[in-house]
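Thanks for coming. I will go through one model today, element by element, and give the cut-offs as the terms come up.

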Amino acid sequence: MPATAAATYERTDRPARIPEVDALRGFALLGILVVNATMMASPYAGGGAVDPDATTLDQAADGVVQTLLVGKFYLLFSFLFGYSFTLQQDSAAREGASAVPRMLRRSLGLLVLGLLHAVLLYTGDILMTYALIGLVLIAARNCSPGTALRAARVVYGCASALLLLMGLGSLFMSDTEAAELTEIPTEFAALIADYRGDPASVVRANLGQLPDTLLAVPLMGGFVLAAFLTGLYCGKRRLLADTGRYVSRMRRVCVLGVVVGLPGSLFMALAAGGALGPRWILLGSVVGMVTAPALTAAYVCGMLLFTKTARGGRTARLLAPAGRMALTNYLSQSLVMALVFTAYGLALYDRVGTAAVVLGALVLYAAQLALSRQLMARCRYGPVEWLLRAVTLARLPRG
């Protein structure tokens, strides 16, 4: 961000905040919204089965979402979660308070919010995963930056090796077993009926999927933890506080991230769309997960480099207010989508194509940017941020 832009931001915001971190959170909200909207709109969005009624335009939109968004932006939020952990430690130290009780209360608050989110609105909740795996950050709070980075590499390597073994095993399935992967699951009809039924049936459907949500914690946990630890490393080194010193390194990360991450994402999208045959679906999903961190790193560095341009500085100022209240916006996105796609409101589940869903998500994101700017001009915290901070501090926050 240009010096004048940064100065303007700091005159209107609290000095302790880092504009680049808020802008990255605001950017991450867009990717999370588009992915979650497609998941909340149709049972086919997970990639395990192909929607027989999808138009060519919808298939193309699915491919773009799978390639560029799926699996990347929850890692971006995870990285920022780890980075912000160090800022919260510093805040506790300045106030002479112990960080551990605060962080434990914060994890409990996230766990409760995540459980309510999963049961009432969207089963693909990530807050419960953050709350549980975030306990590792608390345990590792005093480690050195080098130790955090080495641990991140080990965790990522182990998680990737395990998943790749599982994915390669799917290539040894028989043709009959592989063909069953692309069959429309019988539970889809019941799921569609529940989401179109009444509010009670929506909650029942979400509760029925809750075990799968909890099982996903260890599946995604390795990559989330690796992103946490990478964010912890960057936070301890204060790398986002002065990104101007790392321009050449960030450019290299951008190039390498695209070279490694984009082919893996394309392979995942082709497999999920059925273009490679049923036995490649699982391996495609695994390869997409393993290579997603590379593309996420490219997104982070690309955005940071972009904010150093005049246009990027204006974009950062547009995104930052939404990033300051990212938790409120994240939950609000699910609320709006639940009102659109379930029996809480219009009950359009499995009735809207992916292209229209993506367009609607972009409209909602634009509205959130505008509302966030208005609210953050008047308040220090978003509503849910204020509530979580009250739980964290065990008192009402000032401001």
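In which helix is Gln-59 found? Gln-59 is in helix 3, residues 56–68; helices here are DSSP runs of H or I with at least four residues, strands are runs of E with at least two, and both are numbered from the N terminus. The model is a predicted one, in which local features need pLDDT of at least 70 and side-chain atom pairs count only at pLDDT 80 or more, while totals for chains, interfaces and linings use all residues. Residues are numbered from 1 along each chain as its sequence is written, and side-chain values use heavy atoms, with hydrogens and water left out.

Staying with Gln-59, is the residue buried or exposed, or something in between? Gln-59 is partly exposed, at 45% relative accessibility; buried means under 20% relative accessible area, exposed means over 50%, and partly exposed is what lies in between, with a 1.4 Å probe and protein chains only. From Gln-59 to Met-40 the C-alpha to C-alpha distance is 17 Å, for a separation of 19 residues in sequence.

Ala-271 sits in helix 11, residues 247–272, and is buried with a relative accessible area of 0%. Ala-271 and Val-154 are 117 residues apart in sequence, and their C-alpha atoms are 28 Å apart.

Next, the second largest pocket. Rolling a probe the size of a water molecule over the atoms shows where empty space is left. The working definition uses a 1 Å grid over the protein atoms alone: a cavity is a set of points where a 1.4 Å probe fits but cannot get out, a pocket is an open set with protein on both sides within 12 Å along at least five of seven lines, and lining residues have an atom within 4 Å of a point. Grid points are joined across faces, edges and corners, and a volume is the space filled by probe spheres set on the points. On that basis the second largest pocket holds about 1,400 Å³ of space.

How many residues line the second largest pocket? There are 44, and Arg-17, Arg-25, Gln-88, Arg-106 and Arg-389 lie nearest its centre. By class, the lining has 22 nonpolar, seven polar and 15 charged residues. For the classes, Ala, Val, Leu, Ile, Met, Phe, Trp, Tyr, Cys and Pro count as nonpolar, Asp, Glu, Lys and Arg as charged, and the others, Gly among them, as polar. Helix 4 gives the largest share of this lining, 10 residues. Helices that each supply at least two lining residues include helix 2 (19–41), helix 4 (73–94), helix 5 (99–120) and helix 16 (383–393).

Arg-25, one of the residues nearest the pocket centre, also forms a salt bridge with Asp-22, with the closest N and O atoms 3.2 Å apart. A salt bridge is a side-chain nitrogen of Lys or Arg within 4 Å of a carboxyl oxygen of Asp or Glu. Arg-25 and Asp-22 are three residues apart in helix 2, so about one helical turn separates them. Arg-25 is buried at 15% relative accessible area, and Asp-22 is buried at 1%.

The whole structure has six salt bridges by this search. Another of them joins Glu-95 and Arg-102, at 2.4 Å from N to O. Arg-395 also forms a salt bridge with Glu-95, with 3.8 Å between the closest N and O atoms. That pair links distant parts of the chain, 300 residues apart: Arg-395 is in the segment after helix 16, and Glu-95 is in the loop between helix 4 and helix 5. Through shared partners, Glu-95, Arg-102 and Arg-395 form one network of salt bridges. Glu-95 is partly exposed at 39% and Arg-395 is partly exposed at 32%, whereas Arg-102 is buried at 9%.

Last, two backbone points. Arg-238 is not a glycine, yet has a positive phi of about 55°. Arg-238 lies in the loop between helix 10 (199–237) and helix 11, and is partly exposed at 30% relative accessibility. Ala-347, also not a glycine, has a positive phi of about 55°. Ala-347 is in the loop between helix 14 and helix 15 (354–376), and is buried at 9% relative accessible area.
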